[in-house]
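Subject: Structure handover

Dear colleague,

Here is the structure for your files. My notes on it follow below.

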Amino acid sequence: MREKAKILDPEAINRAMMRIAHEILEKNKGTESLCIIGIRNRGAYLAQRLAERIKKIDAADVPVGVLDITLYRDDLTLIASQPVVHKTEINFDISDKNLILVDDVLYSGRTIRAALDALVDFGRPKSIQLAVLIDRGHRELPIRADYVGKNIPTAQTETVEVRLHECDDKDEVVIIEK
Amino acid sequence: MQILIKGGRVVDPANNIDGIFDILVENSKIAKVAKNIKDEAKLVIDAADKIVLPGLVDMHVHLREPGREDKETVESGTMAAARGGVTTLLAMPNTFPAIDSAENVSLLKEIIKNSAKVNVLICGAISRQRLGKELTDIAGLRSAGVVVISDDGSSVDDQALLLEALKKANQEDVLVSSHCEDKSLSGNGVVNRGFNATRLGLRGISKESEYLRVERDIELAEKSGTRMHIAHVSCSESVEIIAKAKKKGVKVTSEAAPHHFALNEEAVLGYDTNMKMNPPLRSKQDVEAIKKGLKSGVIDAIASDHAPHTENEKDIEFDRAEFGVIGLETELSVAITELVEKDVLDWKKLVEKMSYNPAKILGIAKGALGVGSDADIVIIDPSKEWLVKKEDFLSKSKNSAFIGKKLKGVVEYTFCSGKIIYKAKE
Amino acid sequence: MNWNKKDLLGLEELSKEELEHILATAESFKEVSTREIKKVPALRGKTVVNLFYEPSTRTRVSFEVAAKRLSADVINIATETSSVKKGETLIDTGRNIQALKADIIVMRHNYSGAAVMLARHVDISVVNAGDGWHEHPTQALLDIFTLKEKLGRIEGLQVAIVGDIAHSRVARSNIWGLTKLGAEVTVCAPKILIPPGIEEMGAKVSLNINEALKNADAVNVLRMQFERDELNAFPKQLEYFKEFGITKERLKEAKKGIVVMHPGPINRGVEMSSEVADGANSVILEQVTNGIAVRMAVLFLVAQARDINANTH
């Protein structure tokens, strides 16, 4: 395992989040009936960051939730180490909301599929839009992101690691070669 | 037919022998025991580095025939005995029908005549159907050939009845073997009472249920002046009581089963029903007490309490599974592993416990390798280890507590009356 | 931590870390039952067989709800104890259920060790829903879960278990679980209901209810089954209540905020007064709710362990 390249530094991550915040506000014409839900773990931190950016721009509080999709995955048996089931924390009604779903990396699309399944169990949002920090391609399902921090062409032998100071002590995105 | 067993270490406490000797067998008897026998023999067996013992005498075996031929038959049981080096055994009377009449003794004798591979002695019942209500005709049993009486599997609860039995046994010079268990105390217990029973959630069998009966039975034996044998001693208190009685001069002897000195109650954790027997596996301290009793001589004999049960009766819930384990094919190796290897007994003492003493207790001319003795001989490789495997048992039942264990000492040849009745595979 | 046990047979065999892992997982599952759609697809396509040799509505229903909230299919088999002797053996029954391609057997059995034996003979998961007097691991887990939820910790707590300890699988599982997690357990009962060697399991023994309650942070009150043969010797129910029953007056002398638990069903006026059962200290109904989360966690973990084992071997 070898770090091949650093794609984003803290500055670049910050700029990307700021841009996505602007785009969200523009597309949804403000914060009314807007809510943000991040997918555990790093999507949850990114969701929190987006909400803070939006507050800076629009001076409005957008409800933020955390979604754990472990119970909706279709690949539980394929992964070597067991995912630990964490809590889902959505303390507001998502019905009739414009819901921004946030994750760190968009890859096969299976996580998003699981998240969509889970969200349906919580209510019927008006719309679900997808925001990701990195889109690395190789989709296995017909899913695309509405907001992308950066598109990075990758090989399937590579992995993209998003590190956030909330859980990794620093902000950066790197490509790792196996 | 002459057989010459050459160069083995002969251990024969009856003749105070422990050394390298040749043994010449002629027909069914031992013809010579000496160094460097030069006689011609049809078969010469090189016994260098082997140990040569008198055939074992096991005074506690359940052959199950008649009645439960699905568990064991006289034929399969005595084949198992031969593999274990046992050339004489006492068949316990808890068969169907029970051996409680001269007719039933004759029935069993007929079966033995037709199918036994080793010498089988018959133990008759004390009470009819072993119900503890009505005495059997002890004189009748004696003249039919019974040498011991016992209601084995149950204790005779009725004191008066037992006392009467003891008096009759004394007149007839029959040994009484006693299964000591007060059912009102052991109840529906299935394992030794204590911490292990509690953590397993199983009903306990207290030691009191055994030793209080040992105490009572010895008292009655003393009162009636009858010889009594205490079967399968399992706890320290029983050993102490027997020791005291012996000191006092009471005519009492006793036996221990290999599982009671080789295994303790912790073997039951995991609910292995092959660890379920009555009396149950006891505590570590009790195991030590049994070993001490064997060493000091308080316990005279080792007997297997061979109790075959089918898989259907064992592969079920622990509470419902039958009590008992097979033991004929492992008893010698277990004793070597646990007693000789661990310096509890030397070879001579081991032979006393497994051959000479039981023969003496039963009053039979066995357990010796002197000139003129029956040529019941076992040749063992004392240093060879073997793994106990279920599929290797010759017994019809496979309920051994030692499956998967490594034991020391392999029976290579077993001779009964000069005939090879068992020979280990190469 | 990685959970790799295909079965849950008892708490004696679990490490502190494994116990904590189940409790943490259960915490996450508790949220599912608060949703409008109380169902996740985690065990979709899996079959859970509730094999009950002893009548038990509560535990069976709790497991059934838990399995259904995980989207598993549930089959209930209730077998009369009396017919066991005539019918097929437990091992045969287990193998038949396995041949149906079920994934998990949840078994209640009146004989101790039955679950251990079944697990030895089948490859599919076995969850012990109570075996004889041996263990009832999910009951103890839900007791511990509730206690932790109420008091914020288990370590250092004083827990009294009152009632028929000798014949109680709930008591045994609680003693193992609580002591592993650092609580101090005192069992309290009339002498004939204290099993031998219980101290070696890590519990203290008290024959006096007031003494047992004195420093207790929580009291777990067991159901008294006076129909047992062993209890024939014991005086009337009223007398038991007088000597060991949990009453308002007794709780007044205990620590403030003492948590009162009961695995149910309650004999009101025998083990505890109605006032206590329905009072502010009682968490009896919360135990029922938490039972679902705990059982969801257990079903999820054993199913996953089996899947992962199957994939790596």
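In this predicted model, the contact between chains A and C draws 14 residues from chain A and 18 residues from chain C. On the side of chain C that touches chain A, helix H1 (16–32) and helix H11 (284–312) of chain C each contribute at least two residues. By type, the residues on that side of chain C are eight nonpolar, five polar and five charged.

Chain C as a whole has eleven helices and nine strands. Its radius of gyration is 19 Å, close to the 20 Å that the globule rule gives for 313 residues, so chain C is as compact as a globular protein of that length. The C-alpha trace of chain C spans about 55 × 45 × 35 Å along its principal axes. Of the 313 residues of chain C, 52% count as buried. Among contacts in chain C between residues at least 6 apart in sequence, 75% link residues at least 24 apart.

In chain B there is an open sheet of eight strands with parallel pairing, in the order S6-S7-S8-S9-S10-S13-S14-S15. Strand S6 (56–61) and strand S15 (301–302) of chain B are at the edges; each has a single partner strand, so one side of each is left without a neighbour in the sheet. Within this sheet, strand S8 (residues 119–124) and strand S9 (residues 146–149) of chain B run parallel and are joined by three bridges. Ile122(B) is opposite Val146(B) in S9(B). Helix H13 (residues 347–362) of chain B lies across S6, S7, S8, S9, S10, S13, S14 and S15 of chain B, and runs at about 65° to S6(B).

Regards

Technical notes: Residues are numbered from 1 along each chain as its sequence is written. Chains are lettered from A and ligands numbered from 1 in the order in which they are written. This is a predicted model: local features need pLDDT of at least 70, side-chain atom pairs count only at pLDDT 80 or more; totals for chains, interfaces and linings use all residues. Two residues are in contact if their C-beta atoms, placed from the backbone, lie within 7 Å. Helices (H or I, at least four residues) and strands (E, at least two) are DSSP runs, numbered from the N terminus. Ala, Val, Leu, Ile, Met, Phe, Trp, Tyr, Cys and Pro count as nonpolar, Asp, Glu, Lys and Arg as charged, and the others, Gly among them, as polar. Two strands pair if DSSP finds at least two bridges between them. Axes are lines fitted to C-alpha atoms, for helices over the stretch in contact, and angles run from 0 to 180 degrees between N-to-C directions. The radius of gyration is taken over C-alpha atoms; the globule rule is 2.2 Å times the number of residues to the power 0.38. A residue is buried if 20 or more other C-beta atoms lie within 10 Å of its own, exposed if 12 or fewer, and partly exposed in between; C-beta atoms are placed from the backbone.
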